[in-house]
Amino acid sequence: MSLGYHTPPGFHVQWPPLVLVLLLALLGFWLNHVSNQVPYVDDAGFAHEPDYIVEGFNALAFDLQGRPRHRLVAERMTHFMDDDTTVLEQPVFTSLDPQIPVEVRSKRAQMSADGKQVYFLNQVHVVRNGLKGHMPTTLDTEYLHVTPDDRIMRTDKFVTLRQGASVITANQLLVDDNSKLLTLSGGVKATHSGRP
């Protein structure tokens, strides 16, 4: 049977060895390509993938006297092993201290490994109920860092505060409930109106 190839007399082509060499070359090229694709793995050796997910997350913190201090709930809680962080979807933080009635909502949040820092992200809305006849105060921003145990809230993003018809905007905010301090900075603008 002729394959249509003509070789000089005395010269014979061995096809099976050539096919084997070609396959080995292709295999070597493929292995080299695959070995250069390094997946994301952190220094601890774990990929950034969740190790557990909790639906209907609900956590309650107590003070040293055993009294409820604050509650953190979310539609879903996802924990990542590599950096020991927790991501919350539709989180709601509520202060249960009657002297500091505060509620914080957002679309997402991230909690530190020790659970002492909560970073609220995307459409953050805070409501602080008024005390002793004062009207409630609301706060809106895109980022809010809350330290519940220290009773501190801060942001370096644009923030809008409202109380009744009064509106204050600023580029940075710090609230320290322990020292009863509210600090606004960066392009602060206010529109004040008396109570209706």
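**Going through the model**

Modeller: Start with Thr 78, which is found in strand 2 (residues 68–80). Helices (H or I, at least four residues) and strands (E, at least two) are DSSP runs, numbered from the N terminus. This is a predicted model: local features need pLDDT of at least 70, side-chain atom pairs need 80 or more, and totals for chains, interfaces and linings use all residues. Residues are numbered from 1 along each chain as its sequence is written, and side-chain values use heavy atoms, with hydrogens and water left out.

Colleague: Is Thr 78 buried or exposed?

Modeller: Thr 78 is buried, at 9% relative accessible area. Buried means under 20%, exposed over 50%, and partly exposed in between (1.4 Å probe, protein chains only).

Colleague: Which residues does Thr 78 touch?

Modeller: Leaving out residues up to four places away in sequence, Thr 78 touches Pro 50, Tyr 52, Ile 53, Thr 85, Thr 86 and Val 87. Contact here means heavy atoms within 4.5 Å.

Colleague: Zoom out. How many helices and strands does the protein chain have?

Modeller: The protein chain has 1 helix and 14 strands. Of its 196 residues, 26% count as buried. Among contacts with a separation of 6 or more, 33% are between residues 24 or more positions apart.

Colleague: Salt bridges next. How many does a search of the whole structure find?

Modeller: The search finds 5. The criterion is a side-chain nitrogen of Lys or Arg within 4 Å of a carboxyl oxygen of Asp or Glu. One of them joins Asp 177 and Arg 128, with the closest N and O atoms 2.6 Å apart.

Colleague: Where do Asp 177 and Arg 128 lie?

Modeller: Asp 177 lies in the loop between strand 12 (172–176) and strand 13 (181–185), and Arg 128 in strand 7 (residues 118–128), so the pair ties together parts that are 49 residues apart in sequence. Asp 177 is buried at 8%, while Arg 128 is partly exposed at 26%.

Colleague: Now the surface. Which residues form the nonpolar patch?

Modeller: Leu 60, Phe 62 and Leu 96, with about 250 Å² of accessible area together. Patch residues have over 30% relative accessible area and no salt bridge; like charges are joined within 9 Å, nonpolar side chains (Val, Leu, Ile, Met, Phe, Trp, Tyr) within 5 Å. Phe 62 lies in strand 1 (residues 50–62) and is partly exposed at 48%.

Colleague: Which residues make up the negative patch?

Modeller: Asp 51, Asp 83, Asp 84 and Asp 114. Lys and Arg count as positive, Asp and Glu as negative; His and the chain ends are not counted. A charge is placed at NZ of Lys, CZ of Arg, CG of Asp or CD of Glu. Asp 114 sits in the loop between strand 6 (108–111) and strand 7, and is exposed at 54%.

Colleague: Last topic, backbone. What is phi of Asn 122?

Modeller: Near 70°, a positive value in a residue other than glycine. Most residues other than glycine have a negative phi. Gln 123 has a positive phi too, of about 50°. Asn 122 is found in strand 7, and Gln 123 lies in strand 7. Asn 122 is partly exposed at 27%, whereas Gln 123 is exposed at 53%.

Note on methods
Areas by Shrake-Rupley, 256 points an atom, 1.4 Å probe, with all protein chains shown as cover.
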